[in-house]
Protein chains: 6
Amino acid sequence: MERFDGRRPDELRKWSLVPNFLSHPVGSTLISCGGTRVVCAVSSEGRVPPWMKSQGKSGGWITCEYGMLPASTGDRMKREAASGKQGGRTVEIQRLIGRSLRMCADLEKLGENTLYIDCDVIDADGGTRCGGISGAAAALAIACKKLYPEVDPFKQLVAAVSVGIVDGVPVLDLCYEEDSRAEVDMNVVMAESGEFIEIQGTAEHGTFSRSRMNELLDLAEHGLKQIFALQRECIEAGLK
Amino acid sequence: MERFDGRRPDELRKWSLVPNFLSHPVGSTLISCGGTRVVCAVSSEGRVPPWMKSQGKSGGWITCEYGMLPASTGDRMKREAASGKQGGRTVEIQRLIGRSLRMCADLEKLGENTLYIDCDVIDADGGTRCGGISGAAAALAIACKKLYPEVDPFKQLVAAVSVGIVDGVPVLDLCYEEDSRAEVDMNVVMAESGEFIEIQGTAEHGTFSRSRMNELLDLAEHGLKQIFALQRECIEAGLK
Amino acid sequence: MERFDGRRPDELRKWSLVPNFLSHPVGSTLISCGGTRVVCAVSSEGRVPPWMKSQGKSGGWITCEYGMLPASTGDRMKREAASGKQGGRTVEIQRLIGRSLRMCADLEKLGENTLYIDCDVIDADGGTRCGGISGAAAALAIACKKLYPEVDPFKQLVAAVSVGIVDGVPVLDLCYEEDSRAEVDMNVVMAESGEFIEIQGTAEHGTFSRSRMNELLDLAEHGLKQIFALQRECIEAGLK
Amino acid sequence: MERFDGRRPDELRKWSLVPNFLSHPVGSTLISCGGTRVVCAVSSEGRVPPWMKSQGKSGGWITCEYGMLPASTGDRMKREAASGKQGGRTVEIQRLIGRSLRMCADLEKLGENTLYIDCDVIDADGGTRCGGISGAAAALAIACKKLYPEVDPFKQLVAAVSVGIVDGVPVLDLCYEEDSRAEVDMNVVMAESGEFIEIQGTAEHGTFSRSRMNELLDLAEHGLKQIFALQRECIEAGLK
Amino acid sequence: MERFDGRRPDELRKWSLVPNFLSHPVGSTLISCGGTRVVCAVSSEGRVPPWMKSQGKSGGWITCEYGMLPASTGDRMKREAASGKQGGRTVEIQRLIGRSLRMCADLEKLGENTLYIDCDVIDADGGTRCGGISGAAAALAIACKKLYPEVDPFKQLVAAVSVGIVDGVPVLDLCYEEDSRAEVDMNVVMAESGEFIEIQGTAEHGTFSRSRMNELLDLAEHGLKQIFALQRECIEAGLK
Amino acid sequence: MERFDGRRPDELRKWSLVPNFLSHPVGSTLISCGGTRVVCAVSSEGRVPPWMKSQGKSGGWITCEYGMLPASTGDRMKREAASGKQGGRTVEIQRLIGRSLRMCADLEKLGENTLYIDCDVIDADGGTRCGGISGAAAALAIACKKLYPEVDPFKQLVAAVSVGIVDGVPVLDLCYEEDSRAEVDMNVVMAESGEFIEIQGTAEHGTFSRSRMNELLDLAEHGLKQIFALQRECIEAGLK
C-alpha cells in the first residue's frame with residue numbers, strides 16, 4: 001500500500017517541537033506534526049473555579065481552551081468569537097485535552113491556582129487534538145518547573161497520536177486526506193509509563209473488531225515512543 | 001467485593017424498554033436502566049442539513065439532541081434553555097449518540113430526510129448516554145419500519161453500556177455512586193454483530209493497562225448481549 | 001353541537017395525577033389532561049434571588065421554568081437549549097405559572113430558600129399551562145409538607161383550566177384542535193376558596209362581550225371543582 | 001379614600017397624544033399618561049414572517065417590539081441590547097401589544113407586508129403597556145390611512161387601561177406607586193365597540209371575587225371611553 | 001456650491017438643547033441638530049466596575065451606552081435588544097462618547113460612583129455621535145452640580161461636530177444625505193479651551209492631504225464655538 | 001529623554017515581515033513590530049454580503065476579523081469565543097482594519113467575491129492594530145496578484161503606525177509600556193502616496209493642541225516611509 005504522502009503504515013509524519021514560542025506565558029511551545037501546527041501555551045491564574053470550593057476540593061485545577069485560526073483550514077472556517085459560540089467539535093476537543101493534561105499533574109501540589117492550557121491551531125492538516133495534547137504537555141512541564149521550583153507537581157509526560165484504518169489498512173498518524181476517508185479513527189492518549197489515559201475509537205463507516213483494535217493500539221505505542229523522546233528534548237531545551 | 005447496590009461485578013442493573021411512550025413522534029421509547037430513565041424519540045423532517053447539499057452528499061441524515069430535566073439529578077441542574085447554551089458535557093454526549101445511531105442506518109435509503117433523535121433524561125443515576133443510545137436505537141428501528149415499509153434503511157441494532165474500574169475491580173453498568181469514584185470509566189458502543197462502533201475509555205485517576213482494557217471489553221460484551229435481547233422484544237412489541 | 005372529541009361543552013377531558021413521579025425532587029407529579037402530559041417537579045435551594053436582598057425582602061421565593069420536549073408536538077419543535085434562547089411563549093407561560101404558585105404559599109414561612117417549579121411537557125394536546133399549574137400545585141403541596149413539617153407554608157390549593165369559544169359555543173378544557181380554531185381563549189387560575197388568582201382572556205378573532213365572559217367563568221368554575229378533588233387525592237397518596 | 005396623587009377612584013390621569021412625533025416612520029405618536037411617556041411608531045416592510053408562508057397564510061402581519069430607555073425608571077434599568085437579551089416582562093408586554101393591535105386591522109388587506117409597531121418608553125410611571133397599546137393604535141390608524149388610501153385595513157380603534165384594587169378600593173389608571181402596592185392589577189384591552197379584546201387580571205396579594213372583577217371592568221369602560229375620544233382627535237390632527 | 005439643504009459650507013444646522021427632558025435621571029437633555037434628535041441622560045450608581053478595584057484605581061467612572069430607536073431611521077433598523085447584540089457601529093460610538101465625557105470630569109472627585117451616560121437617538125439625520133457628545137456633556141454638567149454641590153468634579157465643557165469633504169468642498173455639520181456621499185468624514189471632539197480631545201478622520205473614498213485636514217479643523221473650531229454657547233445656556237436653564 | 005527601550009523619539013522598533021506564513025490562505029504574512037507579532041491572512045469566498053445585493057452594489061467586498069490569542073498578553077485574556085462575544089475593543093479594531101484595507105483595492109474589480117482579512121495577534125506589545133493593517137496590506141497585495149493575474153484590483157499600499165505623547169515628548173511607534181502611560185495616542189493610516197486614509201487621535205489624559213498634532217503627523221510620516229519599504233520587499237519575496 002502506498003499512503004497519500006508516501007509514508008509506510010507505521011511511520012509518523014515529521015514532528016517537531018519549539019519551546020518558549022511566545023513571550024508572555026510561563027510555558028509555551030509550537031508543535032508541528034506534518035502540515036499541522038499548533039501554538040500551545042500555559043498560563044497560571046491565582047484562583048480556582050467556583051465549583052471546586054462548593055464541592056470542597058482543595059488544590060488547583062488545569063483546564064484547556066482550543067481554537068483554530070479561521071485561515072488554518074483549506075476553506076476558511078467561521079471565527080467562533082464572531083459567531084458567538086464554540087462549536088461542538090471545539091468543545092469536545094478542549095475537554096479531551098483538559099482531561100489528558102490533568103493526568104500529568106498532581107493537582108493537590110498546584111496550590112490554589114488554575115493552569116490554563118491554550119491550544120490554537122495555525123495550520124490544520126489532521127491530528128490537531130493529538131498535536132495539542134503532545135505540545136501542551138511539553139509546555140506544561142516547562143511551566144511547572146518554573147512555577148514550582150521546590151515541589152514539582154508534574155508527574156509524568158503524556159502524549160497522543162491518531163491511528164486509523166484507511167482503505168482496510170491500519171496506519172499511524174493520519175493526515176487530513178487520510179482522516180477524511182478513514183473507516184476507523186482512533187485517538188490514543190498515553191502516559192510515559194506506557195499505560196493509557198484515554199482511548200477514543202470511532203467507526204466512521206462500518207464497525208471494527210477487537211483484533212483490529214489491537215493492531216491499532218500497537219501502531220500507536222510505536223509512534224508515541226518517538227513523540228515522548230521529542231518532548232523530552234524540547235523540555236530540556238526550554239529550561240536552559 | 002460488594003458493589004454499592006449489592007450486584008455482582010458482571011451484573012447489569014434492571015433494564016426495561018417501553019415502546020411508543022409518546023403520542024406524536026413516529027418512534028419512541030422509555031428506557032430504564034436501574035434508577036436512570038430516558039425518553040427517546042425519533043421524528044422525521046423532510047429536508048437535510050445545508051452542509052450536505054454544499055458538500056454534494058445525497059441521501060438523508062440522522063442527528064441527536066440530548067437534554068436532562070433540571071430535576072433529574074440529586075441537586076437540581078440549571079436548565080440549559082434558560083442559561084442560553086448547552087454545556088460541554090451535553091454537546092459531547094449528543095454527538096456520540098448521533099454518530100452511533102448513524103451506524104444503524106443506511107443513510108442513502110433515508111431519502112432527503114433528517115431523522116431527529118431526542119434523548120431526554122427524566123431520572124439520572126449514571127449511564128444516561130448508554131441508556132440513550134440503547135433506547136434510541138429501538139425507537140429508530142420502530143420508526144424506520146413505519147416510515148419505510150418498502151426498503152428498510154435500518155441495518156442492524158446498536159447498543160451501549162458502561163464499564164469501569166471501581167476500587168480496583170472491573171465492573172459492568174455503573175450507577176452514579178460507582179461512576180463518581182471510578183478509576184476508569186469506559187463506554188462501549190457495539191453493533192449486534194459483536195463488532196465495535198465506538199469505544200471511549202478514560203482514566204479518571206491514574207492510568208490503565210491494555211490487559212485491564214481487555215477485561216473491561218469482556219464485561220461489556222457480556223452485558224450488551226442481554227441489552228440486544230431487550231431491544232428486540234421492545235421493537236417487536238412496538239410494531240404490533 | 002358535537003365537540004371534536006365527542007365531549008359535552010361543559011365536560012373535562014380525562015384528567016389524572018400521579019404523585020412522586022421522579023426520584024430526586026422533593027415533590028413531583030405527572031399530570032395528564034386528555035392527550036397532554038406534564039412532568040412537574042419542585043426542588044428547594046438554600047438561597048434566594050439577589051434582587052430580594054437588594055430590595056430588603058425577607059422570606060423565600062418560588063419561581064417556575066417551563067419547557068416542552070421537542071417531540072411533544074405534532075411537528076417536532078426546535079429544542080430551546082439548542083437554539084440558545086427561550087421563546088416568547090415559554091417566557092410568558094413560566095411567568096404565569098410562577099405567579100400562580102406563589103399564591104399557594106406564605107413566602108415568609110419558606111425561610112431563605114427558593115423553590116424551583118419545573119414543568120416539562122412530554123405530550124402536548126392543548127392546555128399545557130393549565131395542566132402545569134394544576135400538577136405543580138399538587139407537587140408543591142407534597143414538597144411543603146415534607147420540607148416544613150412544623151409550620152406548613154402551603155396556604156391553599158390553586159388550579160387552572162382553559163375555557164373558550166369554539167364555533168360560537170363556550171366550551172371547557174380545549175384540546176389542541178379546538179384551541180387552534182377558538183374565537184376566544186381564556187385561562188382561569190383559581191384558589192380552592194373559589195376566588196380568582198389570574199384570568200387571561202384573549203380574543204383570537206373578533207371581540208367578546210361581558211356576558212360571554214361570564215358564561216366562560218361559569219364553565220371554568222365547574223371544571224375546577226373536579227380538578228381540586230383530583231389534587232387532594234394525589235397529595236394524600238403522595239404523602240403516604 | 002385619598003389616592004396617592006389626589007385623584008378620585010374613577011379618574012384618569014392626564015392623558016395626551018401627539019401625532020407624527022417622529023420624522024421617518026409612516027405613523028407615530030407620543031402618548032403621555034400622567035408621568036408615563038411612550039413613543040409609538042409604525043413602520044412597513046414589504047415582506048412577511050417566514051412562518052406565514054410555510055403555514056400557507058396569505059395577507060400581511062402586525063408585530064410589536066417594546067423597550068424602555070434605561071433612564072426611564074427611578075433606578076436606571078440595564079439596557080437590554082447590552083445585556084444581550086430581552087427580559088421576560090418585555091417579551092410578555094410586546095406579545096400583548098402585538099395581539100391587541102392585530103385586532104385593529106384586517107390582515108388580509110395589508111397585502112404581503114409586515115407592520116412593525118415600536119413602543120419605546122421614555123418616562124415610566126405605571127401603565128406603560130396600556131399607554132403603548134393606546135398610542136400605537138392611533139399611530140396605526142394614521143399609518144393605514146396613508147399606506148392604503150383605497151382599501152383601509154384599519155377596522156376599529158382599540159385602547160387599553162389599567163385598573164386595580166389598592167388598599168381595598170377599586171381604582172382606575174394606576175400610577176407606579178399604586179401599582180407597586182396593588183392587591184389586584186388588571187389590564188383591559190377594548191375595541192371601540194365596547195367589547196373586549198384582552199383581559200389580564202392578576203392577584204398580586206390574595207385573591208379576588210367575581211363581583212370585584214365586575215367593578216373593575218366598569219371602571220375600565222368608564223376610562224376607555226375618554227381614551228377613544230383622545231385617539232380620534234389625535235388621528236384627525238395627524239392626517240391633516 | 002449649493003449644499004443639500006441650502007446652507008453655506010461653514011454653517012451649522014439649527015441646533016437646540018432642552019434641559020431636564022426626562023423625569024427620573026439626575027441630568028438629562030434633548031438635543032436637536034437639524035433633523036437629528038438625541039435623548040441624553042446621566043444616572044449615578046453607587047459602585048464602580050470590578051476592573052477598577054482589581055487594578056487598584058480609586059475614584060469613580062463614567063461610561064456610555066448608545067442606542068437608536070428602530071424607527072429613528074429612514075428604513076426601520078433592527079432592534080438591538082431583539083437581535084441579542086449591539087452592532088459594531090454602536091459599540092464604536094458608545095466607546096467614543098464615553099472616552100470624551102470622561103475628559104469632562106475629575107474621576108477622582110466622583111467618589112466610588114459610576115455615572116451612566118445614555119444617548120438614545122429618536123430621529124436620525126447624520127451627526128448622532130456628535131450630537132450625543134454635545135448633549136450628554138450638558139446633561140453631565142447639570143448632574144454634577146446637583147450630585148456634588150461642594151466639590152464639583154466637572155472640569156470643562158466638551159462638544160463635538162462633524163466636518164467632511166463633499167463633492168470636493170469642505171463643509172461643516174453634515175446631514176445624512178451629505179454624510180452618505182462624503183469623500184472624507186471627520187468627527188472633532190474639543191474641550192472648551194480649544195484643544196482637542198479626539199479626532200477621527202476617515203477617507204470614505206480616496207485619500208486626503210494634510211492641508212485638507214487643516215481646512216476641516218478650521219471649520220470644526222468655527223462650529224464648536226457656537227455649540228459651547230448653546231451648552232452654557234442649557235446648563236444655566238437646567239439648574240434654575 | 002531616554003525611551004523605555006532606549007530608542008530615539010523618532011525611531012521605529014525592529015519591524016519584519018515574513019510572507020506566506022500559513023499553508024492554506026491565498027495570501028498571508030507574519031508581521032513583527034518589536035515584541036508584537038500578528039498573523040495576517042487573506043482568504044477569498046465566492047459571494048458578497050447580503051446587504052450589497054439589497055443596496056444594489058456591484059463588485060466585491062473586503063472585511064476584517066481581529067483576535068488575540070489568550071496568552072498573547074501579560075495577564076492571560078479571556079478567549080472571546082468562550083465568552084460568547086467579541087469585546088468593544090476588538091470590534092473597533094477590526095472595523096478600522098477593514099476600512100483601511102478597502103482603500104487598497106478597487107472593489108469593482110474583485111468580482112462577486114469577499115476577501116476576508118484575518119489578523120490574529122500571537123504576541124502583544126503595543127501597536128497591534130497598526131501591525132495588523134501593515135501586515136494585512138502586504139498579504140492582500142500577494143493575494144490579489146495570485147487571484148487576479150489579469151486585472152489587479154490592488155491599487156496602492158497602505159500602512160499604519162502609532163505615534164503619541166509620552167511624558168510630554170512626541171514619540172514614534174509606542175510599545176506597551178509607553179502606550180499605557182501616554183497622554184495622547186494617535187494611529188495614522190497612510191497610503192503610499194503620502195496622503196491619509198484614517199487618523200485617530202485620542203487624548204488619554206488632558207487635551208492636545210493643533211501644533212502637537214502636527215508634530216505627531218511628522219513623526220508618523222517618517223516611520224511610514226520605512227514600513228512601506230519593508231512591505232515592498234515582503235511582497236516581492238512572497239510572489240517568487
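On a 1 Å grid over the protein atoms alone, a cavity is a set of points where a 1.4 Å probe fits but cannot get out, and lining residues have an atom within 4 Å of a point. Grid points are joined across faces, edges and corners, and a volume is the space filled by probe spheres set on the points. The structure is a predicted model, in which local features need pLDDT of at least 70, side-chain atom pairs count only at pLDDT 80 or more, and totals for chains, interfaces and linings use all residues. Residues are numbered from 1 along each chain as its sequence is written, chains are lettered from A and ligands numbered from 1 in the order in which they are written, and side-chain values use heavy atoms, with hydrogens and water left out.

The largest cavity holds about 280 Å³ of space. Its lining comprises 22 residues, of which Arg79(A), Ala81(A), Arg79(F), Ala81(F) and Asp120(F) are the closest to the centre. Two or more lining residues come from each of β4 (61–68) and α2 (80–83) in chain A, and from β4 (61–68) and α2 (80–83) in chain F; helices (H or I, at least four residues) and strands (E, at least two) are DSSP runs, numbered from the N terminus. The most is given by β4(A), with 3 residues. By class, the lining contains 11 nonpolar, 3 polar and 8 charged residues (Ala, Val, Leu, Ile, Met, Phe, Trp, Tyr, Cys and Pro count as nonpolar, Asp, Glu, Lys and Arg as charged, and the others, Gly among them, as polar).

In chain F, helix α3 covers residues 88–102, and its end C-alpha atoms lie 21 Å apart, in agreement with the 21 Å that its 15 residues should span at 1.5 Å a residue (the expected span is 1.5 Å times one less than the number of residues). Of these 15 residues, 12 are buried, so α3(F) is largely enclosed by the rest of the structure; buried means under 20% relative accessible area, with a 1.4 Å probe and protein chains only. Among the buried residues are Glu92(F), Arg99(F) and Arg102(F).

Ala71(B) is located in the loop between β4 (61–68) and α2 (80–83) of chain B. Its relative accessibility is 3%, so Ala71(B) counts as buried. Contacts of Ala71(B) (heavy atoms within 4.5 Å) include Leu22(C), His24(C), Pro25(C) and Asp118(C).

Key: Buried means under 20% relative accessible area, exposed over 50%, partly exposed in between (1.4 Å probe, protein chains only). On a 1 Å grid over the protein atoms alone, a cavity is a set of points where a 1.4 Å probe fits but cannot get out, and a pocket is an open set with protein on both sides within 12 Å along at least five of seven lines; lining residues have an atom within 4 Å of a point. Lists of a residue's contacts leave out its neighbours within four places in sequence.
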